[in-house]
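Please read the points below with the sequence and the 3D view open side by side. They are meant as a short note on how the parts of this structure meet.

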Amino acid sequence: MLKIQDLHATVAGKEILKGLSLEVGPGEIHAIMGPNGSGKSTLANVLAGREGYEVTSGSVSYLGRDLLNQEPEERAAEGIFLAFQYPVEIPGVPNLYFLRMALNAQRRHRGQEEISAEDFLRLISEKLKLLHLDDGLQKRAVNEGFSGGEKKRNEIFQMLILEPRLALLDETDSGLDIDALKVVSDGVNALRSPDFSAVVVTHYQRLLDHIVPDRVHVLAGGRIVRSGGRELALELEREGYGWIGKESGVDATR
Amino acid sequence: MSQARTLAEWLEHPPARDGLLSTEARHEVARLATLLGLPGPRDEAWRYTRLSGLEQEALELGVEAPLPDEHQLRALTPEGVTLDRLVVVNGRPVPSLCQIGPLPDGVGIGSLSAMRQAAREGNSSAAQLLEHLDLLSQSRQRAFSAINSALAEDAAALWVPDGVQLPRPLLVLSLVLPQAGPLLSQPRLLAVLGQHSQATVLEAHGGFGDKAYLCNAVSEFHVQAHARLEHVRVQRDSVAGRRVSGAFFQVMAGAQARTHTYTLGGRTVRNEIRMELVEPGASGEINGLGLLKGETHLDNHTHVAHLAPDCQSHQGFRTILAERSQGIFTGRIQVAKDAQHTDAVQQCASMVLSPEARAVARPQLEILADDVKCTHGSTVGSLDANSLFYLRSRGIPGDLARRILIHAFCSTQLGRVRASEMVNPLDRLITRTLADHA
């Protein structure tokens with residue numbers, strides 16, 4: 001599904017990713033953990049195609065095609081969804097209008113018919129129910145005046161509506177109380193299927209109690225320095241990242 | 001016969017017949033207009049706007065105007081809302097094109113000349129309406145008001161008696177149809193809202209063809225005690241069209257006047273909007289939206305005069321600037337010495353979409369009372385890159401995402417229109433206009 005090979009990327013002229021390789025198969029959930037500044041968010045943004053993140057070498061193939069030469073909207077229509085670390089407030093654009101535009105743009109890209117107003121509203125109420133959200137927020141402008149937790153829930157809600165094949169969660173769990181955390185994990189678990197993969201970037205093991213990953217990777221100094229099963233997350237929780245420097249020759253404490 | 005003369009020549013020899021004013025009065029105002037002269041480079045209020053070459057230009061008054069075709073009428077008519085309609089061509093109301101439904105007793109809608117006839121026949125409200133003519137336009141100081149008073153042939157007029165609510169919005173469709181050469185069009189509107197009355201007035205101005213013209217429009221609104229006026233003005237001039245507009249509002253005790261000016265085109269447009277809050281408890285709102293591209297130059301001037309205690313005002317202007325357009329906003333808040341407890345807000349925001357476009361904002365506060373709340377703010381920005389990426393990351397193509405964000409920037413202005421039946425038609429108009437911008 002996703003194959004990253006020896007990826008190097010710079011932000012504002014500074015190299016952040018320094019030879020990152022990662023392979024995510026269909027139906028798999030991978031957790032990426034690591035200290036601050038190790039490149040976790042950069043990886044998520046490079047995959048989603050954000051401007052200002054420049055890939056200097058390496059390759060990324062998604063569904064067998066080169067991802068890096070695709071526009072952000074093409075990537076989205078091909079099934080990539082980035083849950084933002086800092087979701088953007090967009091005054092003047094109602095949430096539901098935005099979601100319908102997004103869904104229909106993706107459908108058009110895939111050669112499908114636009115969704116009818118009726119089906120769209122049915123879809124909305126079904127997914128709201130699934131996440132135990134009330135519809136108050138959806139009547140407002142995109143993320144405008146939302147609390148941190150509400151913004152993150154809204155990301156997950158959007159994800160359920162757009163039904164991606166590859167979700168990138170960029171520290172979606174940070175700053176969330178246990179109820180909001182539950183919304184995030186319920187959202188991801190609802191999509192779990194042999195056709196759905198996710199890369200979950202997180203600082204904390206606690207999200208992984210709810211979203212059980214197939215693989216856990218430690219990102220440090222712009223590279224994956226260790227990979228393992230879910231027990232690796234528990235080990236990191238216990239021991240922190242201090243060992244990284246010794247083990248891999250990367251200074252993770254700076 | 002249509003004649004072309006320079007403005008100075010027209011003012012020296014105004015048409016020798018009754019027009020907006022009597023033959024005698026128009027000659028007097030014409031002399032005044034000549035004395036005032038056109039604003040020049042040293043005139044601070046006209047610093048950003050030049051009507052260069054106007055003095056030398058031979059202009060027709062367009063008295064023998066052709067009738068507009070259906071397409072032209074439809075182009076300026078908001079869809080999906082039932083309205084009463086007055087049609088004005090080159091400044092002159094055309095009775096055969098007016099469509100007025102049943103009205104409550106005493107409401108007067110029509111041409112000023114018809115009102116004058118009615119007054120002669122003993123209609124007292126028509127006589128009262130006429131007494132309000134040219135009281136607010138400042139034609140003793142403002143050259144373009146004096147020119148309009150001297151050369152306008154007629155006016156559109158609205159009289160709403162005390163306690164009456166206008167059943168439908170009044171649409172004043174004002175078209176500029178240049179004929180052989182450059183045209184001077186002088187539409188005029190006089191509206192008087194009696195005490196405790198209510199009215200929604202939509203002025204839709206448009207210019208057609210590729211010939212140059214100057215439209216010098218003057219509107220006067222008397223909003224008497226506890227009356228409510230919602231005034232929307234849409235201006236869609238042709239690329240060769242120049243417009244100088246003056247809108248003047250007098251708001252009495254406890255009354256509310258809200259005005260919205262949407263400028264959607266033209267070569268050079270200068271809007272002057274003046275609102276006087278004369279008695280305690282009056283409130284006023286001046287909003288504006290400019291969707292500019294090409295070479296359009298828009299100069300908005302507002303003046304809110306707080307002349308009595310306990311009045312509120314709000315000014316909100318937003319402008320989208322594409323290509324080589326320019327948008328200037330000068331907003332003045334004046335608070336007189338005894339206008340205590342004034343609450344005045346002014347906001348101006350510009351979204352600049354091209355490196356060649358230019359936005360200027362100049363707030364001017366003149367506060368002589370001490371117990372007042374006055375705030376103002378202005379921002380100039382471009383499309384927000386984070387918002388754009390957010391929309392694109394959800395699958396919305398870049399050009400559509402840009403349009404959505406530009407529309408969102410405009411939509412806060414729509415939110416200020418209280419006449420709910422006008423919101424959707426205005427929204428469609430904006431959406432159509434923006435289709436060319438992103």
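This is a predicted model: local features need pLDDT of at least 70, side-chain atom pairs count only at pLDDT 80 or more; totals for chains, interfaces and linings use all residues.

How many salt bridges are there between domain 1 of chain B and domain 2 of chain B? The count is 2 salt bridges. The points below start with the two chains and then come back to this boundary.

1. Chain A. Chain A contains 9 helices and 12 strands. The C-alpha trace of chain A spans about 60 × 40 × 35 Å along its principal axes. Its radius of gyration is 18 Å, which agrees with a compact globule, because 254 residues packed in that way would give a value near 18 Å.

2. Chain B. In chain B there are 9 helices and 22 strands. Along the principal axes, the C-alpha trace of chain B spans about 70 × 50 × 50 Å. A compact globule of 438 residues would have a radius of gyration near 22 Å, and the 21 Å of chain B agrees with this.

3. Domains of chain B. The domain assignment divides chain B into domain 1, residues 4–279, and domain 2, residues 386–438. The centres of domain 1 and domain 2 of chain B, taken over C-alpha atoms, are separated by 30 Å.

4. Where the two domains touch. In chain B, 16 residues of domain 1 are in contact with 15 residues of domain 2. About 1300 Å² is buried between domain 1 and domain 2 of chain B, and carbon and sulfur atoms give 63% of that area.

5. Polar links between the domains. To return to the opening question, the count between domain 1 and domain 2 of chain B is 2 salt bridges. The side chains of B:Arg432 and B:Glu79 meet in a salt bridge with an N to O distance of 3.7 Å. There are also 3 residue pairs in polar contact between domain 1 and domain 2 of chain B, counting pairs with both residues at pLDDT 80 or more. On the side of domain 1 that touches domain 2 of chain B, strand E10 (198–207), strand E12 (228–236) and strand E14 (256–263) each supply at least two residues. That side of domain 1 divides into 8 nonpolar, 4 polar and 4 charged residues.

6. Polar links between the chains. Across the interface of chain B and chain A there are 3 salt bridges. In one salt bridge, the side chains of A:Glu155 and B:Arg394 meet at 2.7 Å, N to O. The count between chain B and chain A is 11 residue pairs in polar contact, both residues being at pLDDT 80 or more.

7. Salt bridges in the whole structure. A search over all chains finds 35 salt bridges. The side chains of B:Arg392 and A:Glu73 meet in a salt bridge at 2.6 Å, N to O. B:Arg392 lies in helix H7 of chain B and A:Glu73 in helix H2 (residues 72–77) of chain A, so this pair joins two chains.

Notes: Residues are numbered from 1 along each chain as its sequence is written. Chains are lettered from A and ligands numbered from 1 in the order in which they are written. Side-chain values use heavy atoms; hydrogens and water are left out. Domain bounds come from an automatic or database domain assignment. Contact means heavy atoms within 4.5 Å. Buried area is the accessible area (1.4 Å probe) that two parts lose on being put together, summed over both. A salt bridge is a side-chain nitrogen of Lys or Arg within 4 Å of a carboxyl oxygen of Asp or Glu. A polar contact is a pair of N or O atoms within 3.5 Å; within protein, one must be able to donate a hydrogen and the other to accept it, and residues adjacent in sequence count only if both atoms are side-chain atoms. Helices (H or I, at least four residues) and strands (E, at least two) are DSSP runs, numbered from the N terminus. Ala, Val, Leu, Ile, Met, Phe, Trp, Tyr, Cys and Pro count as nonpolar, Asp, Glu, Lys and Arg as charged, and the others, Gly among them, as polar. The radius of gyration is taken over C-alpha atoms; the globule rule is 2.2 Å times the number of residues to the power 0.38.
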